[in-house]
Amino acid sequence: MRVLGIESSCDETAVAVYDQARGLLSHRLHSQVALHQAYGGVVPELASRDHVRRLLPLVREALAEARSDKASIDALAYTAGPGLIGALLVGEGFASALGMAWGKPALGIHHLEGHLLAPLLEPKPPAFPFLALLVSGGHTQLVDVAGLGRYQIIGETLDDAAGEAFDKTAKLLGLPYPGGAALASLAASGRSGEFIFPRPMLDRPGLDFSFSGLKTAALVALRGRDLRGAIRADVARGFEEAVVETLVEKCRRALKQTGHQRLVVAGGVGANRRLRERLATVLQGLNAELYFPRIEFCTDNGAMIALAGCLRLAAGMHASIGMSARANWELDAIGNSEP
Ligand code: KG4
Ligand code: ZN
């Protein structure tokens, strides 16, 4: 079974070829960061138009690198949601048209399912069941993963996603969009303890998150200060520590609550080095195993979509063939219609 995966839910156009027996054969990505940077965030219409321009050349490149042609592709998989509706429609339309022309099925994939399966692309993949921490620009969720397509959200953010908080705070610090990685590198030169920001939601039970107050705390800390000195780095450090400690503590609680021995961390914020290090330390103490995708597969990519499509088809899960794109789509609403 060989699947061509297509991701176009936001500001990355990405394509990959995944083979059930041989693994990932190729992946190609075009980032739109430069296109949107002048606007300080993603402009949906520009994103859609750029996906239209980029998809076909990327598919050609990915097929060539995988030494594959249309005859060797068994199916297409595209991100059907959640995301920017125009951007999703480009991917859906493209995959469906190609599928029709090639006589192959085109399968809609949930973007977050792609993220949480991404560690399965690594040489030592996690076995089901596991706990997943999904931390991206749009979502922050703790998911109890019983198996493929069997997801229960047990905690989520009540306001901003972790990545969104990184991006908004980065903006306050004068860093370009998207600011998560830039804020993390600024934080590396900051002093720990200069600014101690609140750890949201740790003072009460439960597994939900809230990050919107943190950017306000950072704003207050910066207000009226001379930003030329070390203060920006110190605030970045304090902010990053607060987010990371909150995420780590909620993971610890969720592992305890579910009894899972494996934690998968996925989504763009999963690229954060401090988060990776802190989780590794804490999970060692709990005798639990930690799984990450490689850094480039933490953020949006086509490989995770091709993989999810391949796993679904191999498991006989065909219900999302020809699915329409949807901007809003809860992760635990998928897979239930499968046999
Ligand atoms: O998963 P992703 O590529 O897109 C969504 O599906 O949202 O995640 C993008 C998010 C952005 O908010 C970005 O700032 C954040 O991931 N991010 C990071 C780092 N690298 C990317 N946040 C913190 N530290 C990083 N190193
Ligand atoms: Zn994503």
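Biologist: Which residue in β4 is the bridge partner of Leu-4?

Modeller: Leu-76 is the bridge partner of Leu-4 in β4. This is a predicted model, so that pairing comes from computed coordinates.

Biologist: How many bridges join β1 to β4, and do the strands run parallel or antiparallel?

Modeller: There are 4 bridges between β1, residues 2-7, and β4, residues 75-81, and the two strands run parallel.

Biologist: What is the strand order in the sheet with β1 and β4?

Modeller: The order is β3-β2-β1-β4-β5, an open sheet of 5 strands with mixed pairing.

Biologist: Why is one side of β3 and of β5 left without a neighbour?

Modeller: β3 (23-31) and β5 (106-110) are at the edges and have a single partner strand each, so one side of each has no neighbour in the sheet. From one strand to the next, the twist averages 20°.

Biologist: Which strands does α3 touch?

Modeller: Helix α3, residues 85-102, packs on this sheet and touches β1, β4 and β5. The direction of α3 makes about 160° with that of β4.

Biologist: Other sheet now. What order are β6 to β10 in?

Modeller: β8-β7-β6-β9-β10, again an open sheet of 5 strands, with mixed pairing. β8 (150-156) and β10 (289-291) are the edge strands, and each pairs on one side only. Direction ignored, neighbouring strands here are turned by 25° against each other on average.

Biologist: How many bridges hold β9 to β10?

Modeller: 3 bridges join β9, residues 262-266, to β10, and these strands run parallel. Within that pairing, Leu-263 has Leu-290 of β10 as its bridge partner.

Biologist: Which helix lies across β6, β7, β8 and β9?

Modeller: That is α8, residues 231-258. Helix α8 runs at about 155° to β6 (130-135), and the β7 strand in that group covers 140-147.

Biologist: Stepping back, what are the domains?

Modeller: Domain 1 is 2-117 + 297-333, and domain 2 is 129-292. Taken over C-alpha atoms, the centres of domain 1 and domain 2 are separated by 27 Å. The contact takes 21 residues from domain 1 and 23 residues from domain 2.

Biologist: How many of the lining residues are charged?

Modeller: 7 are charged, alongside 16 nonpolar and 18 polar residues. As for the domains, the lining of the largest pocket draws at least three residues from each of domain 1 and domain 2.

Biologist: And what is the volume of the second largest pocket?

Modeller: About 230 Å³. The second largest pocket is lined by 17 residues, and the closest to its centre are Gly-138, His-139, Gln-141, Glu-156 and Glu-330.

Biologist: How do the residues of that lining divide?

Modeller: Into 6 nonpolar, 7 polar and 4 charged. For the second largest pocket too, each of domain 1 and domain 2 gives at least three residues to the lining.

Biologist: Back to Pro-178 for a moment. What kind of peptide bond joins Tyr-177 and Pro-178?

Modeller: A cis bond, with omega about -15°. Pro-178 is in the loop between α5 and α6, and both Tyr-177 and Pro-178 are among the residues closest to the centre of the largest pocket.

Biologist: What about the bond between Phe-128 and Pro-129?

Modeller: The Phe-128 to Pro-129 peptide bond is cis, with omega about -5°. Pro-129 is found in the loop between α4 and β6.

Methods: Residues are numbered from 1 along each chain as its sequence is written. Chains are lettered from A and ligands numbered from 1 in the order in which they are written. This is a predicted model: local features need pLDDT of at least 70, side-chain atom pairs count only at pLDDT 80 or more; totals for chains, interfaces and linings use all residues. Side-chain values use heavy atoms; hydrogens and water are left out. On a 1 Å grid over the protein atoms alone, a cavity is a set of points where a 1.4 Å probe fits but cannot get out, and a pocket is an open set with protein on both sides within 12 Å along at least five of seven lines; lining residues have an atom within 4 Å of a point. Ala, Val, Leu, Ile, Met, Phe, Trp, Tyr, Cys and Pro count as nonpolar, Asp, Glu, Lys and Arg as charged, and the others, Gly among them, as polar. Domain bounds come from an automatic or database domain assignment. Grid points are joined across faces, edges and corners, and a volume is the space filled by probe spheres set on the points. Two strands pair if DSSP finds at least two bridges between them. Axes are lines fitted to C-alpha atoms, for helices over the stretch in contact, and angles run from 0 to 180 degrees between N-to-C directions. Contact means heavy atoms within 4.5 Å.
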